[in-house]
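Colleague: Could you show me how to read a structure like this one, feature by feature? I'd be glad of the general idea before each case.

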Amino acid sequence: MTTHSTTVRSTFNHLSFPSPDAPATAAFFEHFLGFSVAAFGHSRIVKKDQLDIVIEDGRDRDCTWPRNFHVGVEVATRADLERIHADMLAADIRMETELITHVRGSRFFCWMPGGVMLEVNTREDAAVEFRGTFASQRG
């Protein structure tokens, strides 16, 4: 890999992916995760904190994802994680896993409308040796 002599500061700007049902995918983000939603033609833009996600209108293309592709969001506490998991189960959201206790923080995986897998995790209960590796755990 070539290293350039000029370093340019950059920040994460957005994530964009197609969905065969962009309105349903956006409504999922709004209902379960508190994102705001804006229509952009048949596409949707969902926003929360400093994250923008463009959910492209994918009705005209194949939106099949590799099995392990997923979007991840972090919640503050294990209690928040358990509440969201229970809310999704009550809404018959298709789960890929149950709640998982993991050294990098508890989590679960589910399927959003449109066929994209979502990971919801918390770093609250991550092992001490991993906490410094997450921006949310740095002081």
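**Reading the model together**

Modeller: Let's begin with one side chain: Lys-47 counts as partly exposed, because its relative accessibility is 40% and that class runs between the cut-offs of 20% and 50%. Please keep in mind that this is a predicted model.

Colleague: With which residue does Asp-52 form a salt bridge?

Modeller: The idea is to look for a side-chain nitrogen of Lys or Arg within 4 Å of a carboxyl oxygen of Asp or Glu. Here Asp-52 pairs with Lys-47, and the closest N and O atoms are 2.9 Å apart. Asp-52 is also partly exposed, at 24%.

Colleague: How many salt bridges does the count come to?

Modeller: By this rule, 10. One of them joins the side chains of Glu-56 and Arg-61, at 3.1 Å from N to O. Glu-56 is partly exposed at 24%, and Arg-61 is partly exposed at 40%. Asp-60 belongs here too: Glu-56, Asp-60 and Arg-61 are linked in a network of salt bridges.

Colleague: And with which residue does Arg-78 form a salt bridge?

Modeller: With Asp-125, where the closest N and O atoms are 3.8 Å apart. Arg-78 lies in helix 2 and Asp-125 in the loop between strand 7 (117-122) and helix 3 (128-131), so this pair ties together parts that are 47 residues apart in sequence. Arg-78 is partly exposed, with a relative accessible area of 22%, and Asp-125 is partly exposed at 30%.

Colleague: Let's move on to sheets. In what order do the four strands of the open sheet come?

Modeller: The general idea is that strands of a sheet pair through backbone hydrogen bonds, either parallel or antiparallel. In this open sheet the order is 1-4-3-2, and the pairing is mixed. Strand 1 (15-19) and strand 2 (36-40) are at the edges with a single partner strand each, so one side of each has no neighbour in the sheet. Neighbouring strands of this sheet are turned by 20° against each other on average, direction ignored.

Colleague: In which sense do strand 1 and strand 4 pair, and over how many bridges?

Modeller: Strand 1 and strand 4 (residues 51-57) pair in the parallel sense, over five bridges. For instance, Ser-19 has Asp-57 in strand 4 as its bridge partner. Strand 3 and strand 4, by contrast, run antiparallel and are joined by five bridges; there, Val-46 has Ile-53 in strand 4 as its bridge partner. Strand 2 and strand 3 also pair in the antiparallel sense over five bridges. Two examples to find on screen are Ser-36 with Lys-47 and Ala-39 with Arg-44.

Colleague: What about the turns? Which residue takes a positive phi in the hairpin of strand 2 and strand 3?

Modeller: That residue is Gly-41, with phi near 65°, in a hairpin that has two residues between its strands. The hairpin of strand 3 and strand 4 likewise has two residues between the strands, and Asp-49 in the turn has a positive phi of about 55°.

Colleague: Now Arg-44: is Arg-44 buried or exposed?

Modeller: Buried, because its relative accessibility is 18% and the cut-off is under 20%. Leaving aside residues up to four places away in sequence, Arg-44 touches several others, including Ala-22, Pro-23, Ala-26, Val-37, Ile-53 and Ile-55.

Colleague: And the helices? At what angle do helix 1 and helix 2 pack?

Modeller: For helices, look at the angle between the axes and the distance separating them. Helix 1 (residues 22-33) and helix 2 pack at about 130°, with their axes 10 Å apart, and they are therefore oblique to each other. Phe-28, Phe-32 and Leu-33 in helix 1 meet Ile-84, Asp-87 and Met-88 in helix 2.

Terms used:
Residues numbered from 1 in each chain as written. Predicted model: local features only at pLDDT ≥ 70, side-chain atom pairs only at ≥ 80, totals over all residues. Heavy atoms only, no water. Buried < 20%, exposed > 50% of the residue type's maximum accessible area, 1.4 Å probe, protein only. Contact = heavy atoms within 4.5 Å. Pairing = 2+ DSSP bridges. Axes fitted to C-alpha atoms, helices over the stretch in contact; angles between N-to-C directions. Parallel < 35°, antiparallel > 145°, perpendicular 65-115°, else oblique.
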